[in-house]
Amino acid sequence: MSDQSTTPSLYAAREPIFPRRVSGKFRSLKWVILFVTLGIYYALPWIRWDRGPGIPDQAVLLDLAGRRFYFFWIEIWPHEFYFVAGLLVMAGLGLFLFTSALGRVWCGYACPQTVWTDLYIAVERWVEGDRNARLRLHRQKGWDLRKARLRITKWTLWLLIGLATGGAWVFYFADAPTLFRDLITLQAHPVAYTTMAILTGTTFLFGGFAREQICNYACPWPRIQAAMMDEHTLTVAYRSWRGEPRKHSEEVDEGAEMGDCIDCMACVNVCPAGIDIRDGQQLECITCALCIDACDDVMEKIGKPRGLIDYMALTDEDAERAGNPPRSVWSHVFRPRVILYTALWSVVGLALVFALFIRSDVEFTVAPVRNPTFVTLSDGSIRNTYDIRLRNKDFEGRTMRVTVHGDPSYRVQLEGSAYESVAVPPNSTLLQRVYVVAPRGSGPAEADTTSLRFWVEGLGGGDRSYHDTTFNGRGAQ
Amino acid sequence: MSNQKKNEDGYGTTGHEWDGIEEWNNPLPRWWLWTFYLTIIWGVGYTIAYPAWPLISQATGGLLGYSTRAELAEDLEAARLANAGIDERLATVDLAAVSDDAELLQYANSMGASVFRTYCSQCHGSGAAGVQAAGYPNLLDDAWLWGGTVDEIQYTVRHGIRNEDDPDARWSEMPAFGEILTEEEIAQTVNYVMSLSGNATDPALVEAGETVYLDNCAACHGDEGLGDIYQGAPNLADAIWLYGGDVETLTETVTYSRFGVMPPWSERLSEAEIRGVALYVHGLGGGE
C-alpha cells in the first residue's frame, strides 16, 4: 500500500483557467466561424418562406404537432424520415472524414460547447479584463463593490446569452413571431418556458463554469476520435526538436546551444483547456490552434521562424528530426482513408439528393382490409375493401382519381362518393375506403387470389403512381 | 502495491495492468461527487413528493398528491370537454345531412369506430363481419334485416332487437313450424326456399314446396321471397344467409325458428355515440 502521507485526495477541484487574449489567423478564423454559426442559429427561425394560405410560412420549421418538417423549398413528411436518417449518417461520416483528415477540428472550431465557451470567455474578458486582471480578481479575498459589480455584470450577460440560446431553440418548433409574442405576454405553452429555462441553465453552466470539464469528462468524442486518428492525421503539435532545450531551463549549462523556445508561457496562457502543448498530444487538447497564434506572435518578435507550434502530423516528427523539410498539409489530407470517407459521404449525399428529386407529388399507400378477407353481396358478387391513404404534398388542393387494373370484371367504388375521384385538401393525407367488386361467376370472384393494381392520378397535374395488391375471392374458403 | 510509479501530479497507478497498459489513479472531479450527492437528495425528495414507499394497505401518497388514476380522469375529462362542441353538433344534426359536413363525418366515423369496438364487436366482430354460425349479422354487406339507412340503423342501435328492456325494440317472431307442418312439408319448403337463389337440389320437392311456402311463409317473406324490412323478414332470394343456406341449417331454422336478440343502447350510450356508431356502420360498405 502506498504511504498514507502521500496519498492524494480522491477528488480534485477544477483548476480555474484564465485564457489570455490572442490574435492571429486561427483566432480570426474562429471569430468568423463563431459569428457565422451563431448568426445562422439565431436568425434562421425568423426567415419567412411563403408556401400558400394556411401553411406555415417559416423557412425552417419542425412542426411536431402537424408532423411536417419544413426546410425552405423542401418539405419532409413523417414517412420520409429516412431523409433525416440520411442526414445523420452524413453527419456521422462527416465527423469521421474531418477527424481522419484534420483531427479534432470539430472540437476546436465548430462544436457548440467550444463556440459558446469562446463567446462566454470573450464576455468575461470584456467585463473583467484580460488574464492578469481576471487572475487578480479571482485571488482577491473577500468581496468588495467592484468585484460584485463585475461578477454580476458578467453573470447577467451570460444569462442573457443563455436565454437567447434557449429562446432561439424553441423558435424552430413553432411560428417564431407568434411564439415570441406569446412568450412576452406569458401566453406560451409551459413546455416552451421549461425548454427555454433548461437550455438557459445548461448554456450558463456549461459555457460559464464547466467549460473544458464537459470535453474532458462528459463528451465521448475525445475517446472516439482516438480510434479514428492515425500518424498522418493533422494535429496541433510542438516542434520539440527545434524548441528544446528551452531558455530558463535549469538543466541547460551556461553557454550551451539553446532551442527556439524561450519558455514565455504564451502557449499555455492562451489555452482554453489549460494544458501545455509542449507536453505532446493530450486528451484535453481540442486543437483550437490558439497556441499556434500565440507562439507565432512571439517567434516574430524574437526574429525566429514561425511554426514552433504548428499543425502537423506525427510522421512529420521523424522526418524532420532526420533533417527533411516539413511536408505540406495537403499531402497529409489527401490519402486513401480520407478519400474513402469523402466517397462514402458523397454517395449518401447524392442518394439523398436523388431521392429528393424523384419524389412524386402523388403518393398513396394501400392497406387491404383483411377482416374479413371478402364480403359476399346479395347478388352473389364478391367485394374486397382497401384503405387507401392519398397524400397530397402540394400546397394546393387536388382531385385524385383512383382506378383499378388487372381483371376486366373489377368495378371500383369510393366510399361516400358516386365518382372515381376524390378531393384531397392541400398538404394533407386523406384516408379513403375503396371497394372493388367482382361479379358472381367472374374469375376473381371464384378464384383464391387475383392480382390487382391501383392507379392514382392527380387530375390536372399529370402525376400518377401505382400500387400492387391482391383481390381475395370465394376460392379462399 | 509494488508499483510506486507516480505521475507529475503525484498520483500513482491503480495497480491494474492489461498487456503492459496501466491506469493512472487520477482523482475524480469534485463536482462529480456533488452531482452524485445531489442525485441522492433528489431521489429521496422524489419518494417524498410522489407515491413510493409501500405500507401495509397502500403506498405512501406523496406530498404532491399525484396519482395515475387521477391523471387519467383528468385526461378523460379534458377529452370530453374538447369534444363537447362537436358532440353537441352531432347529437342535433340532421343525420341525412352529415355527409355534407366533412369534419363532422370524419369525427363521427372515428368516434363511432371506437364505440363499435367497445360495445358491438363482441357479437358482430371487430371487422363487423358478424358470425354466421351464431346468427350475428354481417354489417358489411348490402342485406339489411331492418333497413340500412343511417336513420334505420340508429333506430336499431337505440332500441335493439327482440328485447324486453325497450318497448320500442324491433320485434318479429317466426313461428316454429315443427309444430305446424309435417317433416315432409318442411323438407319441401326448404328446397323451395333454396330454389329462390338457384341452389335447389331436388326439383320434385321444390314444386311441392311452392304451395306450402305461399300458404305459410309468403305473408312475411313475400311471394317472391324478397323479405320485408318493416317486419324484419329476411330476403330469401339473395346470396346471403343469416344462419346458413344448406339443407340441414334451413331445416332447423324452419322447424324451431330463430330468435336473435340485440340489447337497446339508448341507456348506455350518449346521443352522439349512438349517431356516431350508426354513421360508422353505415359507412362500412353496405349503407343505403
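# A tour of chains A and B

Select helix H1 (residues 25–43) and helix H13 (residues 290–301) of chain A; they pack at about 145°, with axes 7 Å apart. Axes here are lines fitted to C-alpha atoms, for helices over the stretch in contact, and angles run from 0 to 180 degrees between N-to-C directions. Helices (H or I, at least four residues) and strands (E, at least two) are DSSP runs, numbered from the N terminus. Show A:Lys25, A:Phe26 and A:Arg27 on H1(A), then A:Leu290, A:Ile292 and A:Asp293 on H13(A): these make the contact. Residues are in contact if their C-beta atoms, placed from the backbone, lie within 7 Å. By class, this contact has 3 nonpolar, no polar and 3 charged residues. Ala, Val, Leu, Ile, Met, Phe, Trp, Tyr, Cys and Pro count as nonpolar, Asp, Glu, Lys and Arg as charged, and the others, Gly among them, as polar.

A word on the model before moving on. It is predicted: local features need pLDDT of at least 70, side-chain atom pairs count only at pLDDT 80 or more, and totals for chains, interfaces and linings use all residues. Residues are numbered from 1 along each chain as its sequence is written, with chains lettered from A and ligands numbered from 1 in the order in which they are written.

**Next stop: helix H8 of chain A**

Select residues 190–210. The 21 residues of H8(A) should span 30 Å at 1.5 Å a residue, and the end C-alpha atoms are 28 Å apart, which agrees. The expected span is 1.5 Å times one less than the number of residues. Which residues of H8(A) are buried? Colour A:Ala192, A:Met196, A:Thr200, A:Thr203, A:Phe204, A:Gly207, A:Gly208 and A:Ala210. Buried means that 20 or more other C-beta atoms lie within 10 Å of the residue's own; exposed means 12 or fewer, and partly exposed lies in between, with C-beta atoms placed from the backbone. Step past the end of H8(A) to A:Arg211, whose phi is positive, near 40°.

**Strand S14 of chain A**

Go to residues 449–458. The covered face of S14(A) holds A:Thr450, A:Leu452, A:Phe454, A:Val456 and A:Gly458. The uncovered face holds A:Thr449, A:Ser451, A:Arg453, A:Trp455 and A:Glu457. Strand S10 (residues 398–405) of chain A pairs with S14(A) in the antiparallel sense over 6 bridges; strands pair if DSSP finds at least two bridges between them. In that pairing, A:Val404 stands opposite A:Phe454. Strand S15 (residues 464–472) of chain A is also antiparallel to S14(A), over 9 bridges. Here A:Glu457 stands opposite A:Arg464. S14(A) and S15(A) form a hairpin with 5 residues between them. Zoom in on A:Gly460 in the turn: its phi is positive, about 85°.

**Across to chain B**

Select the interface: 25 residues of chain A are in contact with 26 of chain B. On the chain A side, strand S1 (11–12), helix H9 (212–218), strand S8 (375–376) and strand S9 (382–392) each supply at least two residues. That side has 11 nonpolar, 10 polar and 4 charged residues. S1(A) runs parallel to strand S3 (residues 28–29) of chain B, joined by 2 bridges. Look for A:Ala12 opposite B:Pro29.

**Last stop: chain B as a whole**

Chain B has 9 helices and 3 strands. From the N terminus, the order is β-β-β-α-α-α-α-α-α-α-α-α. Along the principal axes, its C-alpha atoms fill a box of roughly 115 × 55 × 45 Å. Of its 288 residues, 27% are buried.

Methods: Two residues are in contact if their C-beta atoms, placed from the backbone, lie within 7 Å.
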